[in-house]
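Reader: I would like to go through the assignments in this model and hear the grounds for each of them. Please set the values against the cut-offs.

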Amino acid sequence: MMDAPDTLDTHAVEFGAADAGQRLDRALSAHLPQFSRARLQALIKVGVVHDAAGPVTDGARKVKAGDRMTVTVPAAVAAEPRPQAMDLVVVFEDQHLLVIDKPAGLVVHPGAGNPEGTLVNALIAHCGDSLSGIGGVRRPGIVHRLDKETSGLMVVAKTDAAHAGLSQQFASHGLDGRLERHYTAVVWGQLDQPRGRVEANLGRSETHRTRMSVVRAPRGRAAVTHYEVEQVFGDMASLLTLALETGRTHQIRVHMAHIGHPLLGDPVYGRGFATRRAKLLAPAALALDQLGRQALHAAVLGFVHPVTGKKLRFVSPSPADLSVLMTALAGP
């Protein structure tokens with residue numbers, strides 16, 4: 001059994017009739033909403049949840065009315081990724097969370113090929129001791145991601161309570177009215193309808209394991225993307241606003257390619273349209289080359305603050321590289 005490290009906080013819970021018969025981890029999450037269920041499961045496993053007889057390490061144990069538990073939350077340990085100071089565009093910050101405007105080219109998480117120089121490294125340096133320990137580790141809580149070459153707004157949790165609340169909102173993808181996310185994208189061609197809905201399951205490509213692809217049900221995961229045409233650049237390209245009902249990896253990029261309108265500059269899902277560059281006027285072709293990435297930007301982010309309950313909404317204008325491309329496509 002692991003010894004409990006120096007403690008940060010202790011919570012006493014007494015279960016009532018409504019809790020009887022529930023799993024311990026589920027019942028605790030109802031009484032301690034500031035912690036995610038996964039966090040509580042981890043606390044149970046390391047032996048810091050006690051009843052009168054001592055540590056309780058089985059999260060599946062059924063509770064009874066009148067049972068009393070004490071949850072002793074360990075102090076957060078240092079994050080594994082090292083802090084690296086970077087210039088971040090922070091559009092909002094308080095003791096619970098922060099919203100940043102991520103530039104294209106910045107990887108969110110350390111991983112193979114990107115062990116350092118990521119957003120997580122930068123956030124650890126920026127937040128310092130204000131990170132109270134997501135899941136017991138002093139690190140930022142990433143509740144959603146943007147691809148490396150996608151720019152725009154992201155919200156990041158600094159505390160377990162914020163992480164749990166934001167995770168719930170992102171899991172519902174706005175269907176309960178709390179979360180708002182809109183993207184802007186420039187796609188090849190002119191769409192048949194001014195607005196539409198793309199519904200197609202997404203899964204790993206069987207031929208290219210690093211890519212996603214549309215797959216037939218029941219394979220893959222359900223995915224729905226809504227689009228609206230904002231501007232048409234002749235028959236060459238269109239500016240869209242997109243909203244997601246689901247948040248699958250590469251969802252917008254795959255869905256738009258699936259309906260025959262991949263994003264300009266997408267090196268993975270837009271390869272079949274590379275020859276269209278030759279049909280662009282010289283200024284537009286140059287702007288596309290200088291963009292050097294998929295033309296996708298997370299422009300609007302709104303959510304309910306998970307601690308204060310206040311509705312927050314942020315708008316990020318198109319970055320310079322995307323603005324230059326749209327101006328060039330519009331022509332003189």
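Author: In this predicted model, a polar contact of 3.0 Å joins the side chains of Arg253 and Asp147.

Reader: What makes the pair Arg253 and Asp147 a polar contact?

Author: The cut-off for a pair of N or O atoms is 3.5 Å, one able to donate a hydrogen and the other to accept it. The side chains of Arg253 and Asp147 are joined at 3.0 Å, within that limit. Therefore the pair counts as a polar contact.

Reader: Why is Arg253 called buried?

Author: Arg253 has a relative accessible area of 6%. Buried means under 20%, so Arg253 is buried. Arg253 is found in helix α5. Leaving out residues up to four places away in sequence, Arg253 touches Asp147, Leu263, Asp266, Pro267, Val268, Tyr269, Gln294 and Leu296.

Reader: Where is Val254 found, and what makes Val254 count as buried?

Author: Val254 is in helix α5 as well. Its relative accessibility is 4%, and the limit for buried is under 20%, so Val254 counts as buried. Apart from residues up to four places away in sequence, Val254 touches Leu202, Met212, Ser213, Val214 and Tyr269. Between the C-alpha atoms of Val254 and Gly270 there are 9.2 Å, for 16 residues along the chain.

Reader: Is Gly272 buried or exposed, and how do you know?

Author: Gly272 has a relative accessibility of 71%. Exposed means over 50%, so Gly272 counts as exposed. Gly272 is located in the loop between α5 and α6 (282-291).

Reader: What makes His250 count as buried?

Author: The relative accessibility of His250 is 19%. The requirement is under 20%, so His250 counts as buried. His250 belongs to the loop between β16 (237-244) and α5. Its phi is near 60 degrees, a positive value in a residue other than glycine.

Reader: Which residues lie nearest the centre of the largest pocket?

Author: They are Arg145, Leu146, Asp147, Thr249 and His250, out of 39 residues that line the largest pocket. The volume of the largest pocket is about 1200 Å³.

Reader: Which helices and strands each supply at least two residues of the lining?

Author: They are α4 (160-172), β11 (180-188), β13 (202-204) and α5 (251-258). By residue class, the lining of the largest pocket has 16 nonpolar, 13 polar and ten charged residues.

Reader: Why is His182 called partly exposed?

Author: The relative accessible area of His182 is 27%. Buried is under 20% and exposed is over 50%, with partly exposed in between. The value for His182 falls in between, so His182 is partly exposed. His182 is in strand β11. Its contacts, neighbours within four places in sequence aside, are Thr241, Leu242, Ala243, His297, Ala298, Ala299 and Val300. His182 and Val300 are 118 residues apart in sequence, and their C-alpha atoms are 4.9 Å apart in space.

Reader: What about Leu179: where is it found, and why does Leu179 count as buried?

Author: Leu179 is in the loop between α4 and β11. Its relative accessibility is 9%; the limit is under 20%, so Leu179 counts as buried. From Leu179 to Asp58 the C-alpha separation is 34 Å, and the two are 121 residues apart in sequence.

Reader: How do you know that Thr118 is buried?

Author: Thr118 has 0% relative accessibility. Since buried means under 20%, Thr118 counts as buried. Thr118 lies in the loop between β7 (97-102) and α3 (119-127). Setting aside neighbours within four places in sequence, Thr118 is in contact with Gln84, Met86, Leu106, Val107, Val108, His109 and Pro110.

Reader: How many helices and strands does the protein chain have, and what share of its residues is buried?

Author: The protein chain has seven helices and 18 strands. Of its 332 residues, 47% are buried.

Conventions:
Residues numbered from 1 in each chain as written. Predicted model: local features only at pLDDT ≥ 70, side-chain atom pairs only at ≥ 80, totals over all residues. Heavy atoms only, no water. 1 Å grid on protein atoms, 1.4 Å probe; cavity = no way out; pocket = protein on both sides within 12 Å on 5 of 7 lines; lining within 4 Å. Points joined across faces, edges and corners; volume = space filled by probe spheres on them. Helix = DSSP H or I, 4+ residues; strand = E, 2+ residues; numbered from the N terminus. Nonpolar A, V, L, I, M, F, W, Y, C, P; charged D, E, K, R; others polar. Buried < 20%, exposed > 50% of the residue type's maximum accessible area, 1.4 Å probe, protein only. Contact = heavy atoms within 4.5 Å.
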